[in-house]
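The dialogue below takes them one at a time.

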Amino acid sequence: MEMVMDMKGRGIPALLAIFIILASAIPVYAVGSGSGNGGQNQTAPASSTANATMNATGLERAAQNLLKIVDRLANYTASMISNAAPDNETMALYTKAEELREKAHSEFQAGNYSASLRFSIMAMRDYRMVLASLLRNQTKEINRTMFMAKLEALRMNGYFKHVEMIIKAAEIKGLNVTRVEALYNETKEAYRKVLQDVMNNNSTALVEDLRTARTLRHELDMALVTLGRQYVHVNAGKIAMAFDKVITVQIKILQRMKYLPNVNASLIDNVTSQLLQLRENVTKLVREGKYFEALQLIKSSLLKLRSVAMQLHWIRKGHWIKFPVRGPGRAHNWGHGQGRGQGGSRH
């Protein structure tokens, strides 16, 4: 990003300089021999020879000076390309410019100064087009960076609301939230500056402000983890108790399912064994005071519990036995192996 900003700061002046160079590339003294002086050439051969020599010298100087300008322009363009990611079309144009510059040098060494001037001007034109392409790509990149920064800052609104809820819950439990609150305010202010940079189209300030905002958010995340550990420690008993109830209910349902006909009893025993082991592991961690580890184990077990619940639901539905439907207090108690419209008994 810093590289792109630097290119922006130097790209436009470089293009203006190139236009000026192209406008004044050939000095006034580089004129064609004998132009506007035909009568004198016929009557004064010595003067004609002197003019031709002077014009040849002028072309040589013009070609030499222009080569120096082209070389400087080539070096500048090379430095810009090394700090950018040009597309294939731009690279092809750059290669062409380099070839034209080499031809300009070759023609100069051969004494063909007019040809050298022509190739130099063509090379300068292509270098200018390369720089213009780099500037366009750089502008697109800046616009994309602006858009992504704005999107990130706006998405932080939901994150900040979540942090506010955590702070309030921790305060109710009597936890110290001073550190989290301070980082919350600093991070929120940092992202406000990011949005301001985007609105002001200030890409230079955006680089540093976005870096600061992300650093603060990382620190806030770490502080929230610490606060979460404290919260779990305070509520470990309730969490373990609630989880124990869930496991107990699952095990009871599994045991009821075990006596249904055409049910894989060994599979149910296996799942039951896993749930018992899970409850034992959680209880052990809580007793050892490893509350955060217990919470992590519970969280990682949720997927397994959902899978068990889906299997139970399928078994119960498949055998038309009592299972809850759409809210509390409403349930069907269908006879085993029979569905509605098939003579199934309702109790």
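Q: How confident is the predictor, on average, in the protein chain?

A: This is a predicted model, and confidence is the place to begin. The protein chain averages a pLDDT of 74, and 69% of the residues score at least 70. Over residues 1-47 the pLDDT is below 50, although this stretch has 59 contacts in the model beyond near neighbours in sequence. Residues 319-347 also stay under 50, and for them the model has 48 contacts beyond four places in sequence. Where pLDDT is low, the predicted coordinates should not be read in detail.

Q: Which helices and strands does the chain have, and in what pattern do they come?

A: The protein chain has 9 helices and 2 strands. As for how the chain folds back on itself, 69% of the contacts between residues at least 6 apart in sequence join residues at least 24 apart.

Q: Which residues touch the most other members of the largest nonpolar core?

A: The general idea is that, in soluble globular proteins, nonpolar side chains tend to be buried together. In this model the largest nonpolar core has 27 residues, and those touching the most other members are Tyr-159, Val-163, Val-180, Val-194, Leu-206 and Leu-220. Helix H5 (113-172), helix H6 (178-199) and helix H7 (203-257) each supply at least two residues of this core, and H5 gives the most, with 10 residues. A second, separate core of 25 residues includes Ala-63, Leu-67, Leu-93 and Leu-131.

Q: Why do the buried residues of H4 line one face of the helix?

A: One begins with the length of the helix and then looks down its axis. Helix H4 covers residues 88-109, and at 1.5 Å a residue its 22 residues should span 32 Å, which agrees with the 32 Å between its end C-alpha atoms. Its buried residues are Thr-90, Leu-93, Tyr-94, Ala-97, Leu-100, Arg-101, Ala-104 and Phe-108. Seen down the axis of H4, these fall within an arc of 120°, so they line one face. On the other side of H4, Asn-88, Glu-102 and Gln-109 are exposed. Just after the helix, Gly-111 takes a positive phi of about 85°.

Q: What does H6 show when it is read in the same way, and which of its residues are buried?

A: At 1.5 Å a residue, the 22 residues of H6 should span 32 Å, and its end C-alpha atoms are 32 Å apart, which agrees. The buried residues of H6 are Val-180, Leu-183, Tyr-184, Thr-187, Ala-190, Tyr-191, Val-194, Asp-197 and Val-198. They fall within an arc of 145° seen down the axis, so they line one face of the helix, whereas Thr-178 and Met-199 are exposed on the other side. H6 is followed by Asn-201, whose phi is positive, near 60°.

Q: Is Asp-126 buried or exposed, and which residues is Asp-126 in contact with?

A: A residue counts as buried under 20% relative accessible area. Asp-126, found in helix H5, has 1% relative accessibility and therefore counts as buried. Leaving aside neighbours within four places in sequence, Asp-126 is in contact with Leu-93, Lys-96, Ala-97 and Leu-100. Ser-116 also lies in helix H5, and at 0% relative accessibility Ser-116 counts as buried. With neighbours within four places again left aside, Ser-116 is in contact with Ala-63, Leu-67, Ala-104, Glu-107 and Phe-108.

Q: Where does Ala-190 lie, and which residues does Ala-190 touch?

A: Ala-190 lies in helix H6 and is buried, with a relative accessible area of 9%. Not counting residues up to four places away in sequence, Ala-190 touches Ala-213 and Leu-216. The C-alpha atoms of Ala-190 and Ala-153, which are 37 residues apart along the chain, are separated by 9.4 Å.

Key: Residues numbered from 1 in each chain as written. Predicted model: local features only at pLDDT ≥ 70, side-chain atom pairs only at ≥ 80, totals over all residues. Heavy atoms only, no water. pLDDT = per-residue confidence, 0-100. Contact = heavy atoms within 4.5 Å. Helix = DSSP H or I, 4+ residues; strand = E, 2+ residues; numbered from the N terminus. Core = buried A, V, L, I, M, F, W, Y, C linked by side-chain atoms within 4.5 Å. Buried < 20%, exposed > 50% of the residue type's maximum accessible area, 1.4 Å probe, protein only. Expected span 1.5 Å × (residues − 1). Arc of directions from axis to C-beta.
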